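Subject: Structure handover and notes

Dear colleague,

Here is the structure I said I would pass on. My notes follow below it.

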Amino acid sequence: MCWLALHAVDPSETENPFEDEIPQCKITISPDMMSSLEAALQTKVQCDGDLWDNFLLHYHQTHQNLTECVERASGDDSPDTANETCQQLLDDVQRQMEQEHRKQADGLEQQLHAAQMETKKQLNEKVTLQREINHLLYERNELVLELLLANIAIGDIKQALANYRVYRAKTTDTKLQEQIVRSVYRVTMYQDQRLLNLINFVQQLDNVEAKLILYRLMMVEIQKRPAQRNGYIAAVFALAVKADQEVYAAEQRLYTDLMVPIETRWKEQLANGNYKEVIEFAIKQPKYYEQMQTNLATVDKDKWAGLNFAQFVPYLNSLPKAMQRLEALKQIMAQIRERNKQNPKAHLVLTAKQVDICEQFMNKTKANQNDVIRALNNLKGEFVKFTPGKDYNYYLAESRKASG
C-alpha cells in the first residue's frame with residue numbers, strides 16, 4: 001500500500017503534505033496494522049481522531065525518506081553507494097510489508113484452523129447426537145414391537161393393530177412377520193391360544209400381502225406340529241383363510257393343505273365311533289364348527305353302504321348345543337332319504353332314538369328357544385315322508401322295542 005501511495009502522489013501539487021484535500025473515504029484499520037504503525041512511529045497510537053494524522057505522518061516520513069534517497073543518488077558522485085542506501089530503505093519497507101503479510105497470513109491461518117476445529121467439533125457433536133437419537137428411536141421401536149407381541153399373546157387385537165401400524169410406519173423391518181409368528185411359539189403350553197389370537201389379528205389387517213406372508217409362516221409351523229396339524233387349530237386356520245376372499249383367491253392351498261387332511265381324519269373317526277376330536281372342536285370353536293358341521297355329518301357316497309350306522313349316528317348327541325345336534329340329525333335324514341329310499345326303516349329307527357335323546361337334552365338344558373323348537377318339530381315331520389302312515393312316533397316305538 002505504501003509503495004502504491006508513493007507513486008500516486010505528486011509532492012509538487014501541494015505545499016502542505018498534511019493537508020488532506022482528497023475526497024474522504026473510509027479505511028478499515030486492522031489490529032495488526034495498528035501494531036505496525038506503532039512500531040514505525042515508535043509511539044502508542046490510539047484509535048481516535050489523531051489516527052489519520054498519525055497515518056499521514058508515517059506516510060510522509062516514508063515518502064520523504066525515499067525522496068531524499070533518490071535526490072542523494074542523483075547528486076552523489078558514488079552512485080553505487082547511493083543506490084545501496086536507497087536499496088536498503090526499499091528493502092526495509094519490503095521487509096515491513098512481508099512481515100505484515102506474514103502476520104496477516106498467520107492470523108488468517110489461525111482463524112481458519114480454529115474455524116476448522118470448531119466445525120469438526122460441531123460435526124462430531126452432531127454425529128454423537130444423531131447416534132443417540134437413533135438409539136432412542138431403536139429402543140422405542142423395540143418397545144412398540146414388544147407391546148405388539150404382548151397384545152397378540154393376550155388377545156388384545158385392537159391394541160395390537162394400533163402398535164402394528166405404529167411399528168410399520170417407523171421401520172422397514174422385513175422380518176417383522178417372522179418375529180410375530182415366532183413369538184406365538186415361545187411358550188408351548190400357550191401356543192394354541194396365541195396362534196388363535198394371531199389368526200384373529202391377521203384377519204383384521206388391511207394389506208393382503210402381509211396377510212399372505214403371515215398365513216404362510218403360520219401354516220409351516222402348524223404342519224410341523226402333529227397336535228395342531230391334526231386338531232381343531234388346523235381347521236380354524238383353514239376356515240379363516242377361506243373366509244378371506246382375497247387371500248383364498250390368491251393362494252387356495254393355504255386352505256386345502258390343512259382342511260382336506262383334517263376333514264378326512266375326522267370323518268373317519270366319526271364313522272369308527274371316535275367322537276373326541278370333533279366334540280372338542282364343537283366345544284372350543286363353535287363358530288368354526290358350524291361351518292363344518294354339515295360336511296362332518298355327511299358320509300361319502302362310496303362309504304355309505306359299508307357304514308356302521310349304529311356306531312356313527314350317536315356322535316351327534318355328544319355335541320354341546322341343541323342346535324348343533326339338530327343340524328347333524330337333519331343332514332343324516334337327508335342322506336337316508338337319498339340313499340335308502342327302498343329300505344329306510346333300520347336307519348330311521350336308529351335316528352328316531354337319537355332324536356328322542358336330543359329332545360330330552362333340550363328339556364334338561366331348557367333349550368326352548370323358538371328356532372330350536374321349530375327345528376325339532378320340522379325334523380320329526382320328516383319321518384312320515386318315507387312311508388305313509390309311519391311317523392316319528394312309530395319309529396321311536398320301534399327303537400324302544402329293539403332296546404327291550
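What share of the contacts in the protein chain with a separation of 6 or more is accounted for by residues 24 or more positions apart? The share is 63%, where contact means heavy atoms within 4.5 Å.

Some conventions before the rest. This is a predicted model, in which local features need pLDDT of at least 70 and side-chain atom pairs count only at pLDDT 80 or more, while totals for chains, interfaces and linings use all residues. Residues are numbered from 1 along each chain as its sequence is written, and side-chain values use heavy atoms, with hydrogens and water left out.

Overall

The protein chain has 20 helices and zero strands. Both are DSSP runs numbered from the N terminus: helices are H or I with at least four residues, strands are E with at least two. The protein chain has 404 residues, of which 36% count as buried. Buried means under 20% relative accessible area, exposed means over 50%, and partly exposed lies in between, with a 1.4 Å probe and protein chains only.

Helix pairs

Two packed helices are described by the angle between their axes and the distance between the axes. The axes are lines fitted to C-alpha atoms, for helices over the stretch in contact, and the angles run from 0 to 180 degrees between N-to-C directions. Angles under 35 degrees count as roughly parallel, over 145 as roughly antiparallel, 65 to 115 as roughly perpendicular, and the rest as oblique. For residue classes, Ala, Val, Leu, Ile, Met, Phe, Trp, Tyr, Cys and Pro count as nonpolar, Asp, Glu, Lys and Arg as charged, and the others, Gly among them, as polar.

Helix α7 (residues 191-203) and α10 have axes that come within 11 Å and cross at roughly 0 degrees. The two helices are therefore roughly parallel to each other. On the α7 side the contact is made by Asp192, Leu195, Leu196, Ile199 and Gln203, and on the α10 side by Tyr232, Ile233, Val236, Phe237 and Ala240. By class, the contact of α7 with α10 has eight nonpolar residues, one polar and one charged.

Helix α10 (residues 232-243) also pairs with helix α13 (residues 276-284): their axes come within 10 Å and cross at roughly 55 degrees. That angle makes α10 oblique to α13. The crossing of α10 and α13 is right-handed; a crossing has that hand if the near helix is turned clockwise from the far one by less than a right angle, and is left-handed if anticlockwise. Tyr232, Ala235, Val236 and Leu239 of α10 make the contact with Glu280, Phe281 and Lys284 of α13. These residues divide into five nonpolar, no polar and two charged.

Helix α8 (residues 208-224) and helix α12 (residues 253-271) have axes that come within 11 Å and cross at roughly 20 degrees. That makes α8 roughly parallel to α12. Their crossing is left-handed. From α8, Leu212, Tyr215, Arg216, Met219, Ile222 and Gln223 meet Arg253, Leu254, Asp257 and Leu258 in α12. The classes in the contact of α8 with α12 are six nonpolar, one polar and three charged.

Single residues

Aspartate 244 sits in the loop between α10 and α11 (245-250). Its relative accessibility is 14%, so aspartate 244 counts as buried. Its side chain is joined to that of lysine 211 by a polar contact of 2.7 Å. A polar contact is a pair of N or O atoms within 3.5 Å; within protein, one must be able to donate a hydrogen and the other to accept it, and residues adjacent in sequence count only if both atoms are side-chain atoms.

Asparagine 151 lies in helix α4 (residues 79-154) and is buried, with a relative accessible area of 9%. A polar contact of 2.7 Å joins its side chain to that of asparagine 163. Not counting residues up to four places away in sequence, asparagine 151 touches Asp156, Gln159, Ala160 and Asn163.

Serine 183, in helix α6 (residues 176-184), is buried at 8% relative accessible area. The side chain of serine 183 reaches the backbone oxygen of isoleucine 180 at 2.6 Å. Leaving aside neighbours within four places in sequence, serine 183 is in contact with Leu149 and Arg194.

Lysine 366 lies in the loop between α18 (345-365) and α19 (370-381) and is exposed, with a relative accessible area of 63%. Lysine 366 has a positive phi of about 55 degrees although it is not a glycine.

Regards
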